[in-house]
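Q: Please go through the terms used for this structure and show what each one rests on.

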Amino acid sequence: MMASDPSEQPYPDLATGIDVLAGANPGWPREDVIAKAEALSQLDVGAARAVLLDNGDWDGGLADLSDPAADGIPLWIVRGETATGGLMPDDVLPAFAARVGWSHIITIRDGSHAPQRLQPETLTLALLRALA
């Protein structure tokens, strides 16, 4: 899905990227618009597609969390909802819950992949809950 997402395609230059992203995302802070535009104006599409499509099955780090070196480390997952742009699919949550516990999965309601842009207060509260 991400490999063909029209909002993740490169821009020919920084100014074009800023104009398009600012218009499409009026709620984003100006700094985020500039950072995203800069990244997309420098994007190597072939390399990005290879990372997304050629790295095997996506497990979101579940295999790493199962490594014995992770034993005893309090683990939390803070995610946005899949329906609003979160990248952790709902169908993988039971496998993560088996490892970290349902009480250690925080789903930000209406949260996207980057809730720090549109829901910074909600994200901060979720992180503080996880760190408490």
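A: Contact means heavy atoms within 4.5 Å. The model is predicted: local features need pLDDT of at least 70, side-chain atom pairs count only at pLDDT 80 or more, and totals for chains, interfaces and linings use all residues. Residues are numbered from 1 along each chain as its sequence is written, and side-chain values use heavy atoms, without hydrogens and water.

Q: Which residues of H1 and H2 meet by that contact definition?
A: Leu14, Gly17, Ile18, Leu21 and Ala22 in H1 meet Arg30, Val33, Ile34, Lys36, Ala37, Glu38 and Ser41 in H2. They divide into seven nonpolar, two polar and three charged. Here Ala, Val, Leu, Ile, Met, Phe, Trp, Tyr, Cys and Pro count as nonpolar, Asp, Glu, Lys and Arg as charged, and the others, Gly among them, as polar.

Q: Why is H1 called oblique to H2?
A: Helix H1 (residues 14-24) and helix H2 (residues 30-41) pack at about 130°, with axes 8 Å apart. Angles under 35 degrees count as roughly parallel, over 145 as roughly antiparallel, 65 to 115 as roughly perpendicular and the rest as oblique. The angle therefore makes H1 oblique to H2.

Q: What box do the C-alpha atoms fill?
A: The box is roughly 45 × 35 × 25 Å, taken along the principal axes.

Key. Axes fitted to C-alpha atoms, helices over the stretch in contact; angles between N-to-C directions. Helix = DSSP H or I, 4+ residues; strand = E, 2+ residues; numbered from the N terminus.
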